[in-house]
Amino acid sequence: LMTNFMPGGTFFATSAFVRVDDGQINNVRADLTTVPGVVAVEVFSDFKADMQVYMLFFRVGTLIFGGFGYLLTFAVLFNTVNASLRERQNELSVLMALGNSIREITTVIVLELLIMIVIGGVIGLPIGREVGYYLISSYNSTAYNAIQNTTTLSYIIGSLSLVVIVLMSVIPGMRALRKVDLGQVSKSQSM
C-alpha cells in the first residue's frame with residue numbers, strides 16, 4: 001500500500017519494531033540510540049496511545065465540521081422551502097378553496113421537493129465528490145496523504161438527511177396555510 005504513495009514506487013523503511021523482554025525496555029532503548037541513523041526510540045504502547053489521541057482529535061474535528069455543514073445545509077434549505085411556500089401561499093389557498101385538502105396539497109409539495117432533491121443529487125453528488133477529492137489532493141504532501149474514499153453509507157446518510165430536512169421544512173408552511181382566511185383569499189383573487 002505504501003509504495004502507491006512513494007516516488008518511484010519504492011518504500012523506504014523509516015521505522016523498526018523491536019520486541020523486548022519485560023524489564024529490558026531501558027537497556028534496549030539505550031543500545032538502539034547508539035545505532036547510526038537512529039533518530040528516535042519510542043515504546044510502542046506510548047506510540048499507540050498517542051496515535052489514538054490524534055485519531056480521536058481528528059474524529060472529533062470531523063464531527064464538528066460535519067455538524068456545521070449539516071446546520072448550514074439545514075438553514076439554507078429550511079429558509080428556501082419556507083420562502084417558496086410563503087410566496088405561493090395565495091395559490092395554495094385558492095387550491096384549498098377549490099376543495100383540495102391540506103393532505104393533497106402537502107403531497108403535491110412534498111413530491112415536487114423530492115423531485116428537486118433527486119435532480120440536485122444526480123447533479124450535485126458527482127460534482128461535490130470530485131471537488132472534494134480535488135481539495136483533499138491539494139492538501140496532500142510528503143508528510144501527509146489522505147486516502148480519498150467515499151463510502152456508500154456516506155451517500156445514504158447525506159441523501160436521507162436532505163429528505164429529512166426538506167420534510168421538516170414543509171411543516172411550518174403547511175401550518176401557516178391552515179390559518180389562512182379562505183374568504184379573504186377569494187376576495188383578493190376576484191379583484
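Reader: Hey, what should I know before I start looking?
Author: The model is predicted, so local features need pLDDT of at least 70 and side-chain atom pairs count only at pLDDT 80 or more, while totals for chains, interfaces and linings use all residues. Residues are numbered from 1 along each chain as its sequence is written, and side-chain values use heavy atoms, with hydrogens and water left out.

Reader: Ok, how many helices and strands does the protein have?
Author: There are six helices and zero strands. Both are DSSP runs numbered from the N terminus, with helices being H or I of at least four residues and strands being E of at least two.

Reader: And how much of the protein is buried?
Author: Of the 191 residues, 14% are buried. Buried means under 20% relative accessible area, exposed means over 50%, and partly exposed is in between, using a 1.4 Å probe and protein chains only.

Reader: Which residues are buried in helix 5?
Author: S161, I165, V166, S169, V170, G173, M174, A176 and L177. They pack against helix 2 (44–87), helix 3 (89–97) and helix 4 (102–139). Packing here goes by contact, which means heavy atoms within 4.5 Å.

Reader: What span should helix 5 have?
Author: Its 27 residues (152–178) should span 39 Å at 1.5 Å a residue, and the end C-alpha atoms are 40 Å apart, which agrees. The expected span is 1.5 Å times one less than the number of residues.

Reader: Now helix 3 and helix 5: at what angle do their axes cross?
Author: Roughly 60 degrees, and the axes come within 10 Å. Axes are lines fitted to C-alpha atoms, for helices over the stretch in contact, and angles run from 0 to 180 degrees between N-to-C directions. The two helices are therefore oblique to each other. Under 35 degrees counts as roughly parallel, over 145 as roughly antiparallel, 65 to 115 as roughly perpendicular, and the rest as oblique.

Reader: Which residues make that contact?
Author: Helix 3 brings Q89, L92, S93 and M96, and helix 5 brings M174, A176 and L177.

Reader: Switching to helix 2, which residues are buried there?
Author: V81, N82 and L85. Helix 3, helix 4 and helix 5 are among what covers them.

Reader: Why does N82 count as buried?
Author: Because its relative accessible area is 12%.

Reader: What does N82 touch?
Author: S169, P172 and G173, leaving out residues up to four places away in sequence. S169 and G173 are also on the buried list of helix 5.
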